[in-house]
Amino acid sequence: MQASKQYRSSGMSKRLHYQPKQEVEAYCLPPFRILDHQPPYYESSQSTHSTAQSFHERYCTLESSSANGSYNALYNSSSTVSFSPSRSLMSQHEQDSHYQHCSPDHMYGSPISGSCITDDATNFKYKLKELETAMLGDSNIFDNYCSSLQNGATNTRPEVDSWGQILDSISKKDLNQVLIFCAKAVADNDLLMAQWMMNELRQMVSVSGEPIQRLGAYMLEGLVARRASSGSSICKALRCKEPASSELLSCMHILYEVCPYFKFGYMSANGAIAEAMKDENRVHIIDFQIGQGSQWLTLIQAFAARPGGPPHIRITGIDDLTSAYARGGGLNIVGKRLSKLAETFKVPFEFHAAAISGCDVQLENLGVRPGEAMAMNFAFMLHHMPDESVSTQNHRDRLLRLVKSLSPKVVTLVEQESNTNTAAFFPRFVETLNYYTAMFESIDVTLPRDHKDRINVEQHCLAKEVVNIIACEGIERVERHELLGKWRSRFAMAGFTPYPLSSLVNATIKTLLKNYSDKYRLQERDGALYLGWKNRDLVASCAWKCKPGTN
């Protein structure tokens, strides 16, 4: 009997090779335009000159309403996005976008449109002039800052040593350090210093440069957006242009193929499910963010080859807004795709669609039936759920308690190994800089900098996360990653104990990584698997089961 179990596990694990997964969320930032004889990847936004007609760069429209009427102001922001012949970035301040939170009416991650509101016309004009002066990049801004220091206008002026470090970093074009200095100025609400360094950063970043230059472009955009929303609050939210659904789907496919992060996560999760269900006749898998359903294609094939025949498989798929947009339709598309594959391999199969946000999931949405062995899958999903630091509802822990009440045989967790949930702004900025530097470096190895798809992939699949982490707070910040140590605490408090991953899963992933750069590293620690780039862990995967006697 034991030998039979080992044979089943081995046979199924060897078949766990995965199709592209398209679950990375859409991104909306200001359109980027590259010169130097490269074709434009993004359309420029159209608008009309007004008071800032002397400037040749792009600008945006602020819409304001008050009790006395409506006022339209057009101005040329120094944070407009364009590229000089040296490909330096001018970021667009007014193209900041906010991201909706989980609620009964909305799914997370969607942009909000809005207008700028002030109490009266005089106050509005004053604030607008103040913002315009700061953001237009006055050539004398550094002199003005020094003058304000002499007049005692600020209590947050840097020490002499700090000045030296800042100027030294700028002269050496140490982009990493200048970004950190700028973030510190924003954190200290030293707005003139922050603006001066933003002007310097615009000459150093580029979406077609080194990995740190490309990441720096998006981090700078996040700093500009944060400064705008935390200052006079003139601009609350603006519409941003979503990529076409087919373009977004293509970007997701490309990212899935050029980096092993998603394949690693889905492969390890499927391996744990296959091991836990090797002797079960009826299996119910609940995927809390099913996306395009690609994760389950090879698991169905693995079950089809199981000695003794396949089990009856039922998959409940919970939707998310980005995946629905990318696939161009509802979950019925996913169900038909999986059903067709199951029919081909003669696997008894059912699909149950739950077209709701993870925040809204209740027991009645899951279609639980007696006599089924259940597996719960949380792949790159739980970090979007607001926890106790955001809402008293604490959907993050609520979902875990709901799952525990159903006594599943296995629960799989795949998450980014980053600490951005409850960290204050400045340490969160530094953590984001370090994490995504490794991510952008890993992309650089596979996709050349002049590759036509690389900018699209980074903008639509990664940059939205970066900007949301930096620019937003409270319930508007939906990218809230935690380290595996914190997830362990949450699962333990919910009544789970670790389910060690099979050594066969480890071996299969090592085989997968042979197709990628040797700078990727795989480590197993305390029953969990970590995939990293060089010396930085990027993704962690683990599995859980119910503690005995806790149901």
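Among contacts in the chain between residues at least 6 apart in sequence, what percentage join residues at least 24 apart? The figure is 77%, where contact means heavy atoms within 4.5 Å.

## Basis of the model

This is a predicted model, in which local features need pLDDT of at least 70 and side-chain atom pairs count only at pLDDT 80 or more, while totals for chains, interfaces and linings use all residues. Residues are numbered from 1 along each chain as its sequence is written, and side-chain values use heavy atoms, with hydrogens and water left out.

## The chain as a whole

The chain has 17 helices and 12 strands; these are DSSP runs numbered from the N terminus, with helices being H or I of at least four residues and strands being E of at least two. Of its 551 residues, 58% are buried, meaning under 20% relative accessible area, with exposed being over 50% and partly exposed in between (1.4 Å probe, protein chains only).

The chain exposes about 22000 Å², and carbon and sulfur atoms supply 50% of that area. Accessible areas come from the Shrake-Rupley method with a 1.4 Å probe, and for residues only the protein chains shown count as cover.

## Helix α6

Helix α6 covers residues 191-202, and its end C-alpha atoms are 16 Å apart, which agrees with the 16 Å that its 12 residues should span at 1.5 Å a residue. The expected span is 1.5 Å times one less than the number of residues.

Nine of the 12 residues of α6 are buried, among them M193, W196 and L201.

## An aromatic cluster

The whole structure holds 14 aromatic pairs. Rings of Phe, Tyr and Trp (its six-membered ring) pair if their centres lie within 6.5 Å; planes under 30 degrees apart count as stacked, over 60 as edge-to-face and the rest as tilted. Y256 and Y266 make a stacked pair, 6.4 Å centre to centre with 15 degrees between the planes. Y256 lies in helix α8 and Y266 in helix α9, so this pair ties together parts 10 residues apart in sequence.

Y266 is buried, with a relative accessible area of 1%. Y266 also pairs edge-to-face with F380, at 6.1 Å centre to centre and 85 degrees between the planes. This pair links distant parts of the chain, since F380 is in the loop between β7 and α13, 114 residues from Y266. Y256, F262, Y266 and F380 form one aromatic cluster.

## R398

R398 is found in helix α13, residues 395-404. R398 is buried yet has no salt bridge, and the nearest side chain of opposite charge, D360, is 6.6 Å away. A salt bridge is a side-chain nitrogen of Lys or Arg within 4 Å of a carboxyl oxygen of Asp or Glu. Lys and Arg count as positive and Asp and Glu as negative; His and the chain ends are not counted.

Leaving aside neighbours within four places in sequence, R398 is in contact with residues including G358, D360 and Q393.
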